[in-house]
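This briefing summarises selected structural features of one protein for computational work. Please consult the sequence and the coordinates shown below alongside the notes that follow.

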Amino acid sequence: MTERRHHCRRCRNVFCTGCSAHKSAIISYGLEEDVKVCEACKTELQTENFYLRIQKPILVRGENFKRYRMMGISSYIVKLRLLSDGRTLAYDGDGKPEPENISLDSVNKI
């Protein structure tokens, strides 16, 4: 009862001092400096912040990636670019005349 409680700045749940002792930036909220977060959010923010800082800018610019086929024996270059809607990838590189649009909802992490 006497222990001070703190809010996680991401999920807004209330935690004791020990459970809210973690800190992280929350880029999706516009918080670039570290703020108090719970342990669960700290873990999720590592992946989320990496995507927003590193991976998303690469995709927005449109970068070339190497794609392997036939069990890694041969490869070819494809270009992936995140469209302005933020939900669709333009995929170019299979020799098709037009890039193929792929919804991010249909992409699964392996």
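In this predicted model, strands S7 and S8 (residues 100-103) run antiparallel and are joined by four bridges. Strand S7 also pairs with strand S6 (residues 74-82), again in the antiparallel sense and over four bridges.

- Strand S7 spans residues 88-92 and is mostly covered, with four of its five residues counted as buried.
- Ala-90 in S7 is the bridge partner of Arg-81.
- Ala-90 also stands opposite Asn-101, a residue of S8.
- A hairpin is formed by S6 and S7, with five residues between the two strands.
- Within the turn of this hairpin, Gly-86 has a positive phi of about 70°.

**Salt bridges around Arg-10**

- A search of the whole structure returns two salt bridges.
- One of them links the side chains of Arg-10 and Glu-44, with an N to O distance of 2.7 Å.
- Arg-10 is in the loop between S1 and strand S2 (14-16), whereas Glu-44 is in helix H1 (residues 39-61), so this pair ties together parts that are 34 residues apart in sequence.
- A salt bridge also links the side chains of Arg-10 and Glu-48, at 3.0 Å from N to O.
- Because Glu-48 lies in helix H1 and Arg-10 in the loop between S1 and S2, this second pair ties together parts that are 38 residues apart in sequence.
- Through shared partners, the salt bridges join Arg-10, Glu-44 and Glu-48 into one network.
- Is Arg-10 buried or exposed? Its relative accessibility is 18%, so Arg-10 counts as buried, the cut-off being under 20%.
- Glu-44 has a relative accessibility of 45% and therefore counts as partly exposed.

- His-6 belongs to strand S1, which covers residues 5-7.
- With a relative accessible area of 12%, His-6 is buried.
- The side chain of His-6 makes a polar contact of 3.3 Å with the side chain of Thr-17.
- Which residues does His-6 touch, not counting those up to four places away in sequence? They are Asn-13, Val-14, Phe-15, Cys-16, Thr-17, Ser-20 and Lys-36.

**The protein as a whole**

- The secondary structure comprises one helix and eight strands.
- Read from the N terminus, the order of the elements is β-β-β-β-α-β-β-β-β.
- The protein has 110 residues, and buried residues make up 22% of them.
- Among contacts with a separation of 6 or more, 17% are between residues 24 or more positions apart.

Conventions. Residues numbered from 1 in each chain as written. Predicted model: local features only at pLDDT ≥ 70, side-chain atom pairs only at ≥ 80, totals over all residues. Heavy atoms only, no water. Buried < 20%, exposed > 50% of the residue type's maximum accessible area, 1.4 Å probe, protein only. Polar contact = N/O pair within 3.5 Å; in protein donor to acceptor, adjacent residues only side chain to side chain. Contact = heavy atoms within 4.5 Å. Salt bridge = Lys/Arg side-chain N within 4 Å of Asp/Glu carboxyl O. Pairing = 2+ DSSP bridges.
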